[in-house]
Amino acid sequence: MTRRVKRAVIVGAGIGGLCTAIALRKVGWDVAVYESRPDVRQSGAGLLIGANAIQALHRLGVAPQVIASSRILKALDILSPDGKLLSRTTSRPVNDDGHPENITILRSDLLAILADTLGRDAIHTKKTCTHVDATTGGVRAYFADGTEATGDVLIAADGIHSAVRRQLLPGVRPRYAGYTCWRGVIADDAALRFDREVFTETWGAGARFGVAPLANNRIYWYARLTARENDQRHADATAHSLLQYFGHFHEPVPDILERGGLEPLIWRDIVYLPPLRRFAFGRVALLGDAAHATTPNLGQGAAQAMEDAVVLAAALRDHRDVVTALQHYEKVRVPRATRVTAMSNRVGNIAQWQHPWLVRMRNWSIARTPARMTQAQFDYLHGVKLPRLDTPASHGPQEPGLDRD
């Protein structure tokens, strides 16, 4: 007798949704991804991807393609506005899987790799999920165009403003972190003076500027400023207009903004989710930003979604009962995601201090913090051991979230 292939309905074709679809395919599930936009998002700027995310991509089988489209970094630096080095975290040459520890990539390039790996025929666009209905035997998603989708499990990977989460947890709302952010990508130029193998973030008074070299002679940059929430004046800012806040920063910051010109930027207030105690609701699971949207201070937003995808797929492989599998996923992921979110919020709060005395104290403290203490934070972020997806199901008890090889 042929065993029926189980089907997963995935809402959202961002990084988390696509990684989950690829992971579930690897463990024998049929998948269908539903995206509200007309296509898999091609906009966006750059991403810093650390060793834990690279490990997840390795589990999905796409790490070589992603690394080939990336820039490998040798260090992550924090600088003062006059260019003084406050802290350096050196990237190890390889992690345990033989891959680099830190890379940068364009978000659109990563999404294209994930979508092509999955297969575009599995992605259904212009499908805005309005609500879901779970029963003992399955789950059904309803879309704004009147269509429906059914499956054995539903994964809500529809972002920080998740419609599925609003239905399940109507009292949960994103919170403003206190600062806003502009992002841009420009062509690299040999006249710009900076190390193309180092990611830098410059900390001023209530203002930060990040510079991340990308592959193919491009530079990703971002500017963060302490500001009022939803100040629409910021929506019209250009790279040139940001010189009023960042023009006194060291080179190449002013040059980058000069070259950025008057084109519209990607602008967004930084928001995050308060910690959730639950990611699983019967046959429905929250994943990625729908479950634990974090501030972008540790480069862990996409990484945590990738970890979710691998842990969830392994749980659905190793537990015959879907509800039990999602409870296992929740047990593994809630504590780690909660801790990472708290760590990121703490870094962001300190980095955005404005009072001159506090800024001087902060910079003095960072410059004197032993490298081993900074490395310990990255060891926690990057040192997770994710389950393999190329091994057969084992229905015996397993240690949560640990590799079995």
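## Exercises on a predicted model

Y380 is partly exposed, with a relative accessible area of 21%. The model is predicted.

**Exercise 1.** Classify Y380: buried, partly exposed or exposed? Then place Y380 in a helix and list its contacts beyond four places in sequence.

*Solution.* 
- Step 1. Take the relative accessible area of Y380, 21%.
- Step 2. Buried means under 20%, and exposed means over 50%. Y380 has 21%, so Y380 is partly exposed.
- Step 3. Find the helix: Y380 sits in helix 12, residues 371–382.
- Step 4. Set aside neighbours within four places in sequence. Y380 then contacts R336, R339, V340 and M343.
- Step 5. Helix 12 lies across strand 5 (75–79) and strand 6, and runs at about 45° to strand 6.

**Exercise 2.** What is the strand order of the seven-strand open sheet, and which strands are its edges?

*Solution.* 
- Step 1. Read the order: 6-5-14-15-16-13-17, with mixed pairing.
- Step 2. Pick the strands that pair on one side only. They are strand 6 (85–90) and strand 17 (266–272).
- Step 3. Zoom in on one pair. Strand 14 (residues 198–203) and strand 15 are antiparallel, over four bridges. T202 has F209 in strand 15 as its bridge partner.

**Exercise 3.** Which residues of helix 7 are buried, and why are they on the same side?

*Solution.* 
- Step 1. List the buried residues of helix 7 (residues 253–260): V253, P254, I256, L257 and G260.
- Step 2. Take their arc around the axis. It is only 160°, so they lie on the same side of helix 7.
- Step 3. Recall the general rule. An α-helix has 3.6 residues a turn, so residues three or four places apart point the same way.
- Step 4. Name the packing partners of these buried residues: strand 13 (175–187), strand 15 (207–214), strand 16 (218–226) and helix 6 (243–246).
- Step 5. Step past the helix end. Just after helix 7, G261 takes a positive phi of about 70°.

**Exercise 4.** Which strands are the edges of the three-strand open sheet?

*Solution.* 
- Step 1. Write the order, 3-7-4, with antiparallel pairing.
- Step 2. Strand 3 (46–49) and strand 4 (71–72) are the edges, as each pairs on one side only.
- Step 3. Strand 4 pairs with strand 7 (residues 103–106) over two bridges. There, R71 has T104 as its bridge partner.

Terms used
Residues are numbered from 1 along each chain as its sequence is written. This is a predicted model: local features need pLDDT of at least 70, side-chain atom pairs count only at pLDDT 80 or more; totals for chains, interfaces and linings use all residues. Side-chain values use heavy atoms; hydrogens and water are left out. Two strands pair if DSSP finds at least two bridges between them. Buried means under 20% relative accessible area, exposed over 50%, partly exposed in between (1.4 Å probe, protein chains only). Contact means heavy atoms within 4.5 Å. The arc is that of the directions from the helix axis to the C-beta atoms. Axes are lines fitted to C-alpha atoms, for helices over the stretch in contact, and angles run from 0 to 180 degrees between N-to-C directions.
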